[in-house]
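Please provide a briefing on the backbone geometry and the nonpolar core of the structure shown below.

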Amino acid sequence: MLPQTLKTRGLHVGVRFAPSAVLDKHHKQQFQLKASEGFDWRRQEYLQNAWHLVSPQAEGDPRSQLKLSVSPDLVNFEDYFPTTSFDLYLDNLKLALETVAGVFSPRLILATGIVVRLTAQSLDNDGRLFLGQRCLHLDDRLGPLGRPVHAVGLKLLLPPLPGPDKPNWQAEIKVESLIEDVRQLFIEVDARWGQPGPWDPNIAVERTKTAFEFATTRVVSLLKELAGEQF
């Protein structure tokens, strides 16, 4: 792959909290007012057990959009095909979590899940060849399948480790050739923290930084190692 072509495809932060939020008419009015501070939501959907606010982005990919979702014990903040910087996403994430806190007054963070999705151009202009031959050394060993291979992928699950200086979070890593454009690689890191603690939006922000740095440095270094440092 070509590290200089690394591009963020999606960011998704989910925070499970307690006590549970009451999604009633009274809180809806508060939420509508609070959520309008700093955001320009174009679509709003208020269901019995889930509220969704969506803001399609005028620039970038047609699929680009911000989305804030709230259910009784979970808030999700997502940026599909981002058009702005990672730092701005972090600012917006903190603002979204403060919006939820201002309306529902959560006291605990029960768990945090963060998904970072990236793409990058492959060295051979074919992600299948890069992963299949350079990284995994499959060569012609897929012959017994008797069919062409349209996608190649690698999946790893890293458990949390005990100890003060060890990563206390789980990471699921996927590296695949991108189906819609085989010239590119698709990288996904799904990071999960299961340790409860006091409600603090900064905790989610710092964990998002950790997951993003891991995806953009550690996973890229892994691919470099697998490919024999040929890029």
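Helices (H or I, at least four residues) and strands (E, at least two) are DSSP runs, numbered from the N terminus. The model is predicted: local features need pLDDT of at least 70, side-chain atom pairs count only at pLDDT 80 or more, and totals for chains, interfaces and linings use all residues. Residues are numbered from 1 along each chain as its sequence is written, and side-chain values use heavy atoms, with hydrogens and water left out.

**Backbone geometry in loops**

- The loop between strand 1 (7-18) and helix 1 (25-35) contains Pro19, and the peptide bond from Ala18 to Pro19 is cis, with omega near -5°.
- Phe81 lies in the loop between strand 5 (74-80) and helix 2 (86-104); its phi is positive, near 50°, in a residue other than glycine.
- Phe81 counts as buried because its relative accessibility is 16%, where buried means under 20% relative accessible area, exposed over 50% and partly exposed in between (1.4 Å probe, protein chains only).
- Ser105, which is not a glycine, also has a positive phi, of about 55°, and is found in the loop between helix 2 and strand 6 (108-121).
- With 46% relative accessibility, Ser105 counts as partly exposed.

**Nonpolar core**

- A nonpolar core is a set of buried Ala, Val, Leu, Ile, Met, Phe, Trp, Tyr and Cys residues joined through side-chain atoms within 4.5 Å.
- The largest such core has 56 residues, and Phe31, Phe77 and Phe104 have the most contacts inside it.
- Beyond its neighbours within four places in sequence, Phe31 is in contact (heavy atoms within 4.5 Å) with Tyr46, Trp51, Leu53, Leu68, Val70, Thr99, Val103 and Phe104.
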